[in-house]
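I opened my notebook to look over one protein chain. I wanted to go from the whole chain down to single residues.

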Amino acid sequence: MRLKLALSVLAPAAFLLHAATASAAVCGDAQFNDEVHWSTSSAVLEYTVDNAPANTCGDLWANRNGSGWQLEAVDWLCTDSNGDAEKGPWSASSQSGDETAYVYIDYGTCTSPVRKHIWDLADPTVNITSSGGSSFAGNASDGSWGAGFSSSWASCLVKYYDSTDGFYWSPYTGWNEIYPYVIGTTINGMPSLSITWSANQVPATQTGHCYTWYAQCWDGGHWGYDQDSFCK
C-alpha cells in the first residue's frame, strides 16, 4: 500500500492528537528517515518502528493537510519479535501534490508517537515589490502544505542585467560581467510559508539604459523566479 504522507507547517503537535490517543499509552518509537522530501530529490521515504509491542500488528492513523484524523489501514504494520518494523520506500513521483501529514500506529494497547512528514512538490512563488531604484525587494510563498522556508535550507538571490550594453553587474567590476553575477539577500519571516527578501547590494543605473532585474528563491528543493524590466 502506498503511504501518502504529512496542518500548517508551524502547527503544534499537541493540537493534532487524535481523541483515541488521549487515554492510550505511548509505546516504543517511530521515525521517518527525513521529515521533508522534495520532488527534486532522489531520496525515498521510509518509516521505522522500534521497541513497540512484539509480534503485533497496528492500525495506521493519519491527518493529511488538516483534514482530521482518519483510520487509513487496519493491521498496516506488524512488528517482529523485538518490536521492530519497517515500511517503504516511497518516492515523490508517487505523490500528486504537496502534503503535510501527521501519523501514528495504534497497537490496541498503546500507540506509537505522532510523527510528521512533508512531501514538497510545488515550486515557490516569488514576487518583486520594489526595483529600479535604491532598493530591490519582494516576497516569496510556498504551497499551503509544503515545507515552507527555513534558515536550514532557504535562500534568495538576485542579479542585474543592462540590456542596453549587454552586461551584468557585480560589486567588484560594475556593469562589466558577461555572465550573471548573483547577489545575496536578507530574508525575514522564517520559518514560515511566506517570507520577505531584500537585496544586500543594489547597483546605480544610467539614464537612457534599459535593465532587467532578476530574483529567485529556493525552498529547499525548488527555485521560484520573478523579473522586472524597465528603462531609465
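My entries follow, starting with confidence and overall form.

**Entry 1: confidence.** I noted at the start that this is a predicted model. I looked up the pLDDT of the protein chain and found an average of 91. I also saw that 90% of the residues score at least 70. Then I checked residues 1-16, where the pLDDT is below 50. Beyond near neighbours in sequence, that stretch has 53 contacts in the model.

**Entry 2: overall form.** I counted secondary structure and got zero helices and 19 strands. I asked what radius of gyration the protein chain has. I found 23 Å, whereas a compact globule of 232 residues would have one near 17 Å. Along the principal axes, I saw the C-alpha atoms fill a box of roughly 75 × 30 × 25 Å.

**Entry 3: surface and charge.** I looked up burial next, and buried residues make up 44% of the 232 residues. The protein chain exposes about 10,900 Å², and carbon and sulfur atoms supply 48% of that area. I listed 8 positive and 23 negative side chains. The centres of these two sets lie 4 Å apart.

**Entry 4: Gly-138.** I found Gly-138 in strand S12, which covers residues 137-141. Is Gly-138 buried or exposed? I noted a relative accessible area of 6%, so Gly-138 is buried. Leaving aside neighbours within four places in sequence, Gly-138 is in contact with residues including Asn-127, Thr-129 and Trp-197. I also looked at Ser-198, which is 60 residues from Gly-138 in sequence. In space, their C-alpha atoms are 6.5 Å apart.

**Entry 5: peptide bonds.** I reminded myself that most peptide bonds are trans. Then I found a cis bond joining Gly-88 and Pro-89, with omega about 5°. Pro-89 sits in strand S7, residues 85-90. I found a cis bond joining Met-190 and Pro-191 too, with omega about -5°. Pro-191 is in the loop between strand S16 (183-188) and strand S17 (194-199).

**Entry 6: positive phi.** I wrote down that most residues other than glycine have a negative phi. Asn-51 has a positive phi, near 60°. I placed Asn-51 in the loop between strand S4 (45-50) and strand S5 (57-64). Asn-51 is exposed, because its relative accessible area of 59% is over the 50% cut-off. Asp-75 also has a positive phi, near 50°. I found Asp-75 in strand S6, residues 69-78. Its relative accessible area is 45%, so Asp-75 is partly exposed.

Key:
Residues are numbered from 1 along each chain as its sequence is written. This is a predicted model: local features need pLDDT of at least 70, side-chain atom pairs count only at pLDDT 80 or more; totals for chains, interfaces and linings use all residues. Side-chain values use heavy atoms; hydrogens and water are left out. pLDDT is the predictor's confidence in each residue, from 0 to 100. Contact means heavy atoms within 4.5 Å. Helices (H or I, at least four residues) and strands (E, at least two) are DSSP runs, numbered from the N terminus. The radius of gyration is taken over C-alpha atoms; the globule rule is 2.2 Å times the number of residues to the power 0.38. Buried means under 20% relative accessible area, exposed over 50%, partly exposed in between (1.4 Å probe, protein chains only). Accessible areas come from the Shrake-Rupley method with a 1.4 Å probe; for residues, only the protein chains shown count as cover. Lys and Arg count as positive and Asp and Glu as negative; His and the chain ends are not counted. The place of a charge is taken as NZ of Lys, CZ of Arg, CG of Asp or CD of Glu.
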